[in-house]
There are 2 protein chains.
Amino acid sequence: MAAEAHQAKWESFKQYVKKMKSYEEAIGLIYWDMRTGAPKKGIAARSEVVGELSGELFKMSVSEQMREFLEYFTQPEHQEGLSRIDKRIVSECKKEYDRSNKIPPERYQEYVVLTSQAESAWEDAKHTADFESFQPYLEKIVAFNHEFIELWGYEGHKYNTLLDMYEPGMTVEKLDQVFGALREQVVPLLSAIQASGRGPENGFLKQTFDQDKQKKFSLFILKEMGYDFEAGRLDETVHPFATGLNPGDVRITTRYLKDDVNSALFGTIHEGGHALYEQNISEELLGTPLCTGTSMGIHESQSRFWENVIGRSRSFWSRYFPDLQANYPGQFDDVSAESFYLATNEVKSSLIRIEADELTYNLHIMIRYEIEKALFDGSVKVADLPRVWNEKYREYLGIEPSNNGDGVLQDVHWSGGAFGYFPSYALGNMYAAQIARTLDRELGGLDELVAQGNLEPVKAWLTEKIYRHGKSLTPAEIILEVTGEELNPRYLVDYLQAKYNDIYSL
Amino acid sequence: MAAEAHQAKWESFKQYVKKMKSYEEAIGLIYWDMRTGAPKKGIAARSEVVGELSGELFKMSVSEQMREFLEYFTQPEHQEGLSRIDKRIVSECKKEYDRSNKIPPERYQEYVVLTSQAESAWEDAKHTADFESFQPYLEKIVAFNHEFIELWGYEGHKYNTLLDMYEPGMTVEKLDQVFGALREQVVPLLSAIQASGRGPENGFLKQTFDQDKQKKFSLFILKEMGYDFEAGRLDETVHPFATGLNPGDVRITTRYLKDDVNSALFGTIHEGGHALYEQNISEELLGTPLCTGTSMGIHESQSRFWENVIGRSRSFWSRYFPDLQANYPGQFDDVSAESFYLATNEVKSSLIRIEADELTYNLHIMIRYEIEKALFDGSVKVADLPRVWNEKYREYLGIEPSNNGDGVLQDVHWSGGAFGYFPSYALGNMYAAQIARTLDRELGGLDELVAQGNLEPVKAWLTEKIYRHGKSLTPAEIILEVTGEELNPRYLVDYLQAKYNDIYSL
């Protein structure tokens with residue numbers, strides 16, 4: 001009887017978390033719809049619908065019932081019959097319960113209102129390059145985060161608690177080590193490139209490209225990647241994204257710029273990489289909190305693997321450039337696959353993160369990482385940010401913004417309180433390079449497969465090693481199990497050096 | 001203090017019903033998405049999301065909290081401070097509470113499972129024209145409805161309780177009267193038309209029509225009607241529909257047939273009529289159960305008013321035929337506005353309701369009404385349906401289906417237990433004609449306005465008289481207030497006689 005009661009309790013817990021997942025899915029669909037074409041006069045009422053559902057979801061995550069479930073299933077004697085995955089479901093719910101429960105609801109409510117006001121204040125401030133108008137908001141947001149960190153608790157650096165929200169288990173100690181090693185190689189590499197005075201011809205990238213043709217080619221490449229159109233769809237938005245509603249419905253969006261052939265293409269491949277991850281999560285995780293990517297960093301590793309390691313490779317363009325030519329008749333007649341490859345890999349110090357190339361992107365992230373860390377150990381104040389920002393750009397990239405709109409105000413993240421998020425992007429690059437190295441070895445040559453347009457084994461390997469596990473393995477477990485060692489920045493360094501030494505004949 | 005507590009209770013009740021409305025809106029959006037392009041592999045999981053949200057909504061509608069609210073706000077001394085609309089909100093919730101609460105949950109659950117199985121059994125049965133395979137399902141569904149009627153209670157005819165679900169206040173007595181009067185005139189009119197041996201030339205309707213052009217013309221006509229594209233959108237589906245998620249987001253769908261210029265056009269106008277109703281509900285009803293059309297019959301009156309009274313009128317084509325010609329260059333060069341008008345109004349006895357013309361459509365409905373009524377007073381058994389159906393088609397329309405797929409199995413309604421729904425369609429025609437008569441008088445000539453393409457005053461008048469009230473007035477109140485008398489079939493008879501005597505030179 002005890003066993004039956006135990007089993008019934010487990011079933012009831014599974015139903016409970018499945019219900020939470022249903023709410024998440026409904027909210028996800030509403031957001032997708034708002035961004036892709038919901039009529040604007042309906043948005044105000046729709047936002048209240050999101051508010052109701054989100055409120056309900058939050059209540060479920062910290063309810064008395066959840067507390068009872070967790071109290072019961074975290075007791076060692078009740079964990080015995082549970083599988084490894086079951087235990088992860090419990091610990092995932094526990095983590096969210098603790099995180100939400102430790103903040104007094106009225107403080108959290110104030111914070112939500114603040115960040116929502118801060119986002120529009122940031123938009124105005126960015127537009128007018130007026131840091132002072134945004135500063136009071138940012139100071140309050142940072143203060144709130146200090147307060148939350150105290151409530152949540154922390155080990156080592158305070159910033160660790162924020163990092164953990166996006167990259168579970170990641171710490172300042174680890175990031176200092178990997179970013180340090182990366183920086184040591186990337187900065188000289190950039191200097192060498194700049195000193196070489198060389199740069200690819202890329203004028204042919206700036207023509208007028210028919211939007212329907214861009215869409216057609218984006219769809220073609222997605223198909224080549226193995227994106228399942230019966231489990232997803234491609235739409236248009238101003239800010240492209242991927243959203244995994246459930247593994248059978250993973251939608252992506254892109255944006256077509258009429259004077260840029262690459263923006264929509266690489267954007268689509270990037271979001272397609274996120275989508276492959278979500279489409280190939282194992283069915284057994286459906287309806288559980290593990291049915292999603294394991295971290296922002298691992299997710300980003302997949303978008304960047306497909307976008308950069310594959311999409312910006314020589315072998316990719318040796319295979320697909322003729323298709324590109326055929327897609328835009330007369331527009332690339334005098335261009336070779338090799339010149340197109342070179343043009344898509346130009347390195348150039350720039351002020352804006354989202355426009356950065358594969359190499360300098362990492363430096364943009366390190367700057368933000370160092371600033372965030374300093375905000376949370378108190379060594380930098382919000383008021384100092386513009387000065388610190390500009391100094392670091394000078395130091396890392398050799399350039400400095402002429403106004404704060406192109407500098408410290410360029411990203412939306414801080415206005416929403418998303419401290420700890422930025423490192424994911426560079427972690428994604430490091431994970432991607434490390435995973436690519438193992439994949440290359442195990443499949444006997446990634447370049448050959450790409451050159452043949454034989455991407456199916458690549459997707460299958462990633463599914464087997466990463467995608468199917470969803471959140472049932474931590475980022476550290478995945479990297480260790482897949483590559484046999486923990487995160488090591490050497491692979492990204494090797495990859496970047498090999499690629500750019502070749503391109504720039506260094 | 002008592003007044004404050006009373007006020008607080010009312011606010012809390014309003015919040016509660018607003019939350020229910022939010023769930024409805026989320027569910028509505030999910031259904032729209034499923035029908036317009038959700039990836040098929042995600043549907044199974046999405047259906048469970050709908051199940052969770054619908055279950056929650058149902059629980060809210062019959063909860064202990066709702067019981068308390070209703071007990072309190074239905075007491076005369078607590079109704080004193082409430083506005084007319086507030087009282088309607090209470091009575092609407094009470095009606096739903098009683099309806100849901102009187103059915104034992106396990107019986108309702110069985111019924112839901114049965115109807116869901118019955119729908120696929122019906123699809124197969126229709127396809128193979130095999131009534132016997134569907135009969136056991138239908139017998140059970142009818143038996144369930146008998147049981148529910150006993151639980152809900154009824155006044156007069158048992159079928160009244162079912163009618164009330166779609167047309168609040170409608171009774172067999174009233175329908176017998178209005179359908180009797182209608183039948184008395186429509187049947188001889190149809191005979192006269194058939195005896196005349198005349199019929200319009202309509203070969204030019206059957207050409208190949210480019211789909212993009214069809215879409216363009218549909219959008220043009222919607223705009224002319226005053227459909228607000230900032231509060232809606234037009235998509236494609238196999239079975240067209242309109243869905244009012246909130247008054248700022250009322251979406252419609254249509255289906256383009258490449259060999260039929262009229263199908264998508266009149267379908268769009270029809271759904272556009274439903275949409276105008278939902279788009280123009282007063283803002284003060286937002287977030288309440290009154291923020292929707294008042295009944296199926298009044299809703300249908302609006303789709304049919306725009307589709308038939310306006311869209312199939314001579315004045316409409318005198319105004320818009322040149323636009324149609326310009327939209328399809330070379331395809332209607334030798335056709336006049338008058339011939340196009342005549343062709344779109346051909347009367348012809350046919351077996352299939354959804355393909356019927358404006359005149360015979362009413363007869364298809366009367367047949368179904370008589371059968372449903374007989375099923376619930378016990379004078380007809382499910383086993384007799386094919387025979388009864390065919391006899392009635394012979395009697396009313398002079399033709400008989402050669403198989404049950406084109407006969408008794410043609411409609412989906414009964415497989416879902418939707419008895420009492422069919423009369424709405426013919427009620428819609430009667431309401432539309434009666435309302436049109438008043439509108440014509442008050443605006444000083446509907447035909448003139450339509451002939452000028454001046455549809456704005458028409459929409460404004462309907463908004464003032466009908467749309468803005470949503471469900472805050474009953475169908476009977478609307479008809480009485482707008483036209484000065486209760487539902488009277490004479491207006492539809494007059495309209496049909498005038499129209500077809502002219503067209504067929506009778």
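At 14% relative accessibility, K21(B) counts as buried, since the cut-off for buried is under 20%. This is a predicted model, so take it as such.

K21(B) has a charged partner: its side chain meets that of E24(B) in a salt bridge. E24(B) is partly exposed, with a relative accessible area of 39%.

Over all chains, the structure holds 85 salt bridges. Here are some of them:

| Pair | N to O distance |
|---|---|
| E24(B) and K21(B) | 3.5 Å |
| D33(B) and R46(B) | 3.7 Å |
| R437(A) and D494(A) | 3.5 Å |

The R437(A) and D494(A) pair links distant parts of the chain, 57 residues apart: helix 17 (residues 423-442) and helix 21 (residues 490-503) of chain A.

Now for the sheet. Chain A has an open sheet of 3 strands in the order 1-3-2, with mixed pairing. Strand 1 (234-236) and strand 2 (242-246) are at the edges with a single partner strand each, so one side of each has no neighbour in the sheet. From one strand to the next, the twist averages 25°. Strands 2 and 3 (residues 249-254) of chain A pair in the antiparallel sense over 4 bridges, and G244(A) stands opposite V250(A) in strand 3.

Technical notes
Residues numbered from 1 in each chain as written. Chains lettered and ligands numbered in written order. Predicted model: local features only at pLDDT ≥ 70, side-chain atom pairs only at ≥ 80, totals over all residues. Heavy atoms only, no water. Pairing = 2+ DSSP bridges. Helix = DSSP H or I, 4+ residues; strand = E, 2+ residues; numbered from the N terminus. Axes fitted to C-alpha atoms, helices over the stretch in contact; angles between N-to-C directions. Salt bridge = Lys/Arg side-chain N within 4 Å of Asp/Glu carboxyl O. Buried < 20%, exposed > 50% of the residue type's maximum accessible area, 1.4 Å probe, protein only.
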